[in-house]
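Reader: I am just starting out with protein structures, and I would like to go through this one slowly. Please begin with whatever I need in order to follow you.

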Amino acid sequence: MILTLLIFLPAAGAVLAGLLPREEHGQLRVTALGCMLATFAISLWAWGMFDPSPRAPEFQLEAQAAWSPAIGFSYHVGIDGIALVLIVLTTFLTPLALLSAFQSIKERVKEFVIAMLLLECAMLGTLAAIDLVLFYFFWEAMLLPMYLLIGVWGGERRVYAAVKFFIYTMAGSLLMLVAILYLYYASGGAGSRTFDLPAILAQAPWLSTDTQRWLFLAFALSFAIKVPMFPLHTWLPDAHVEAPAAGSIILAGVLLKMGTFGFLRYAFPLFPEAAVHYRVLLAVLAVIGILYGSLMCLAQSDLKRLVAYSSVSHLGFVMLGLCALTVEGMSGGIYQMLNHGISTGALFALVGILYERRHTREMSQYGGLAKSVPALAAVFLIITLSSIGLPGTNGFVGEFLILAGSFNSKLTNAPWYAACGALGVILGAVYMLWMYQRVFFGPVKHKENEGLSDLSGREWTVLTPLVAMVIVMGVFPAPFLDRIEPAAARLVSRLEATQRAKVGTPPASMAMFRTPNQTQIHPPPRRPPFGQPGGTTPFGAPRPGAQFPLGLPKGVTLPRAVDGAAP
């Protein structure tokens, strides 16, 4: 019941906003904000009711009702620790994103708040759904509100960016729909087929290896586009640059996490053999994304585009942690999802604040802002340090767990993956501090920067919770990790059991788990001394009866010993 209320309260708020007069902008904003704050309160209630102990059920707070039993549809929602923390992140960021747009969005306010509320409903439904059709319904429902946010309230090239975003995500989703239908028809005979995720997982492993690989690719492509992973990332910079600040906060803070969440909830547990098989490919693409995103950031002059490419790098870190398939790496990847939502969401909010004052995102138009807006400069510095993973901030915890989990994983040449990730951390510090120096330090080069107003009360209200979470998550990560780790350990155990049961002893490139005898390096056996059974001649040739029990091959003679004695 609580999850149903959580999911559909924003939709009820959208209906209420639709009944209000169009010209009453204040009423519309306050109504939407109040509905979002109530949704956040319910998510905290769900946080308190959730049992984080390892022995607790996999899915909690479940609600189920028949939707269309004849064809296997059902309304089935439930959450584990991963979905819980992402739901709280969603309900935390959405009201802040709306509040940040109170002054910047002055046209079609009614449609804007309705789109924000419906988007929140779709995001919460995607995270809570544990029926494949219900998940797909909410997954597709996220597209339209975000398409409108970019296409109606975006920048000059908003239509191009919105269409590109829609086409990319829709193309991947159609392949996932085909895979969902295959799973339905393969789940049983007529009358017993189902789209219910727990019921399907209870039958696993029940698909052949080849089938798993094809279905995994269909799901993975859809999720990789949403992450986005290299080379499927090209829609993201355009979408971020053209979206309004509120849209960028939600896009970076929540929507991108739907891709990584999809790997955790569906692709990995449904197709465990394929997940093990393709994890090397995914890890390589993740490392490329880390380095590529960082290098692209160094080439940017636009503040928003720089932050957009940093998301490609940060989400590469997340995918590297997930592909390590260790509890540490996976927990770090999930924690980094939260960190990215807080830090990058705050960065987009700060860039939006600067844009409202100067109406430009070019770094060359700034410089010396620390003198005119010291409070803004201080907050920007805290978020910058969080983004580069300074110890004591939230970013450090996630990156440390990811690098440790990757280093200790059974990926071939695992330390090299960790080393590339560490290089990405260094590059991240370079481009973020370089950006901060160009914007806030040095002489004031433009007169327009001298009289800028500092943070207003509304802007402090938006930024203070984000700064607080940066510190809290950096110093006290236990409340979050306590809910994340049991779900991560359960997924790793499921993959381990499947591999041992069906894969046996895999090649080194696929091996996740090896027994000590498999991983221990033994020295080569010592040969018996010359003259004893099984020994060799002084020149290293085997004695007859050792490697050649039937005698030497025809035409092969052994050399004589140095002292002239026969070997």
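Author: Let us begin with one term: contact, or touching, means heavy atoms within 4.5 Å. This is a predicted model, in which local features need pLDDT of at least 70 and side-chain atom pairs count only at pLDDT 80 or more, while totals for chains, interfaces and linings use all residues. Residues are numbered from 1 along each chain as its sequence is written, and side-chain values use heavy atoms, with hydrogens and water left out.

Reader: What about Leu 61, what is its phi?

Author: Leu 61 is not a glycine, and yet it has a positive phi of about 55°. This residue lies in strand β1, which covers residues 60–68, and with a relative accessibility of 18% Leu 61 counts as buried.

Reader: Changing topic, how many helices and strands does the protein have?

Author: The protein has 22 helices and 2 strands. Of its 567 residues, 56% are buried. Among the contacts with a separation of 6 or more, 78% are between residues 24 or more positions apart.

Reader: Let's look at one helix, then. How many residues does α13 have?

Author: Helix α13 (residues 272–298) has 27 residues, and from its first C-alpha to its last it reaches 38 Å, close to the 39 Å expected, where the expected span is 1.5 Å times one less than the number of residues. At Tyr 278, α13 bends by about 45°, the bend being the angle between axes fitted to the seven residues ending there and the seven starting there.

Reader: At what angle do α9 and α13 cross?

Author: The axes of α9 (residues 209–226) and α13 come within 8 Å and cross at roughly 55°; here axes are lines fitted to C-alpha atoms, for helices over the stretch in contact, and angles run from 0 to 180 degrees between N-to-C directions. That angle makes α9 oblique to α13, because angles under 35 degrees count as roughly parallel, over 145 as roughly antiparallel, 65 to 115 as roughly perpendicular and the rest as oblique. On the α9 side the contact includes Phe 216 and Leu 217, and on the α13 side it includes Tyr 278 and Leu 282.

Reader: One more helix, please: which residues does Val 425 touch?

Author: Val 425 is found in α19 (residues 414–440), and it touches Phe 317, Ile 388 and Glu 399, if residues up to four places away in sequence are not counted. Val 425 is partly exposed, with a relative accessible area of 22%.

Reader: What about Phe 441, where does it lie?

Author: Phe 441 lies in the loop between α19 and α20 (457–475), and it is partly exposed, with a relative accessible area of 44%. Apart from residues up to four places away in sequence, Phe 441 touches Gly 367, Gly 368, Ala 370 and Tyr 436. Ala 370 is 71 residues from Phe 441 in sequence, with 6.3 Å between their C-alpha atoms. Just after α19, Gly 442 takes a positive phi of about 85°.

Terms used: Helices (H or I, at least four residues) and strands (E, at least two) are DSSP runs, numbered from the N terminus. Buried means under 20% relative accessible area, exposed over 50%, partly exposed in between (1.4 Å probe, protein chains only).
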